[in-house]
Amino acid sequence: MTDAPDDQQQPEPVVEPGRTVGEPVVERDEVTVRRAPKVPVFLIMGAALGVVVSLVVTSLFPFDSGEGVAQTYGYISLWGLTIGGTVGCVVAIVAERVTSRGAKRVQVERERLEAPVDEPEVEVDRPSLTDGDADRR
């Protein structure tokens, strides 16, 4: 199996009139560059901090003697996980808004080299695919 595109998918080479083949084509464009926070990192870190805070809360307050410490911690950690993940997402959204103000517009150059494409001189007959019934006689 190959990752190469089919012959029909390959783009046709474009050579502008008056240009020689192999001469680079330079295109200039203006783009916006900014740093953006990664939201999943904030979500995971907020959830992890929520679980740690729920451990601290569970150990600070007295709990019912009929239920164990692990059961109480498990219940409170579900709330800590949810609230911590939500706070992490809110912090990521605020950080994204702050960093979008610092976006810069810059000029970029894209250089493209056009090369001739070798065309096959001889066409090869490819056998057509059949269901196998044609070979049986």
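Q: First one: is T58 buried or exposed?
A: T58 is buried, because its relative accessible area is 7% and buried means under 20%. Keep in mind that this is a predicted model.

Q: Where does T58 sit?
A: T58 is in helix α1. That helix covers residues 39-60.

Q: What is T58 in contact with, leaving aside neighbours within four places in sequence?
A: V69, T72, Y73 and I76.

Q: Where is T72, then?
A: T72 lies in helix α2, residues 69-101.

Q: And is T72 buried or exposed?
A: Buried, with a relative accessible area of 15%. Leaving aside neighbours within four places in sequence, T72 is in contact with T58, F63 and E67.

Q: Back to helix α1. What about V53?
A: V53 lies in that helix too. V53 is partly exposed, at 49% relative accessible area.

Q: Which residues form the nonpolar patch on the surface?
A: V52, V53, V56, V57, L60 and F61. Together they have about 550 Å² of accessible area.

Q: New topic, strands. How do β1 and β2 pair?
A: In the antiparallel sense, over 10 bridges. Strand β1 is residues 24-33, and strand β2 is residues 104-113.

Q: Which residue in β2 stands opposite V31?
A: V106 does.

Q: How many residues of β2 are buried?
A: Zero, among its 10 residues. Strand β2 is hardly covered.

Conventions
Residues numbered from 1 in each chain as written. Predicted model: local features only at pLDDT ≥ 70, side-chain atom pairs only at ≥ 80, totals over all residues. Heavy atoms only, no water. Patch = residues over 30% accessible without salt bridge, like charges linked within 9 Å, V, L, I, M, F, W, Y side chains within 5 Å. Areas by Shrake-Rupley, 256 points an atom, 1.4 Å probe, with all protein chains shown as cover. Salt bridge = Lys/Arg side-chain N within 4 Å of Asp/Glu carboxyl O. Helix = DSSP H or I, 4+ residues; strand = E, 2+ residues; numbered from the N terminus. Buried < 20%, exposed > 50% of the residue type's maximum accessible area, 1.4 Å probe, protein only. Pairing = 2+ DSSP bridges. Contact = heavy atoms within 4.5 Å.
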